[in-house]
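Student: I have a structure to study. Can we work through it by question and answer?

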Amino acid sequence: MSVSPHSKRFADSTRGRIAALLRVRPLTIDEIAARLKLTSNAVRAQITLLESDGAVQKTGARATASKPSTMYALTPHAESSYSQLYVPLLAHLLHVLDARMSHRQFDTLMRRVGRSLLGTRSAAEGSVVKRTRAAARLLNEFGGFARVERSNGHYVIRSHGCPLAAATERHPETCNAVESLLTEFSGLNVTTCCERGTRMRCCFTMAAPT
């Protein structure tokens, strides 16, 4: 969703109220309109916005006296965005693994996890700068806020924050997972240069393979 489902502003908005109804079960536009005391046209406009955000999808039809009415439901992505358990669960999982594994084993595991995040995505192609920019876009898809810079003869991906700050603060090996992901994706030599001050910031140096 373009707005956090946990924000009061979204929850109180028409879109937020529609999303809350669709968390319970799929509904037609007329059913939503009746529950929220709105016109069908008003609901249809909001459904269109939610669809464009990837938050709502069509899911079959319900028979009516005139003709079948399309039913709408939240997408899996939108449903997962309501959960606030992912971050604490990840952090506690890392604490447990770190306590039970050697530093080398833990680091190896995190790098393997990072490489696996690529899934079926095609690797970047082209020049070093093109692959670096593609890697920055990939990082942004995972919640980064990155830009590409030129520094000391190398391209550097530098982010204004860290999408895994809750984990990297205590487990810097998590940065190595992202390093492995970007290496697998770009085919370049990637080196972590993340900042670990009062605010975590991603940083990766990208260089052509030697």
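**Contacts, a helix and cysteines**

Tutor: Glu-173 touches His-103, Phe-106, Asp-107 and Met-110, leaving out residues up to four places away in sequence. Contact means heavy atoms within 4.5 Å. The model is predicted: local features need pLDDT of at least 70, side-chain atom pairs count only at pLDDT 80 or more, and totals for chains, interfaces and linings use all residues. Residues are numbered from 1 along each chain as its sequence is written, and side-chain values use heavy atoms, with hydrogens and water left out.

Student: Is Glu-173 buried or exposed?

Tutor: Buried means under 20% relative accessible area, exposed over 50%, partly exposed in between (1.4 Å probe, protein chains only). Glu-173 has a relative accessible area of 9%, so Glu-173 is buried.

Student: How many of the 14 residues of H10 are buried?

Tutor: Helices (H or I, at least four residues) and strands (E, at least two) are DSSP runs, numbered from the N terminus. H10 covers residues 173-186. The rest of the structure largely encloses H10, because its buried residues number 12 of the 14.

Student: Which cysteines form a disulfide?

Tutor: A disulfide is a pair of cysteine sulfur atoms within 2.5 Å. A search of the whole structure finds 1. Its sulfur atoms are 2.1 Å apart, and they belong to Cys-193 and Cys-203.

How values were computed. The expected span of a helix is 1.5 Å times one less than its number of residues.
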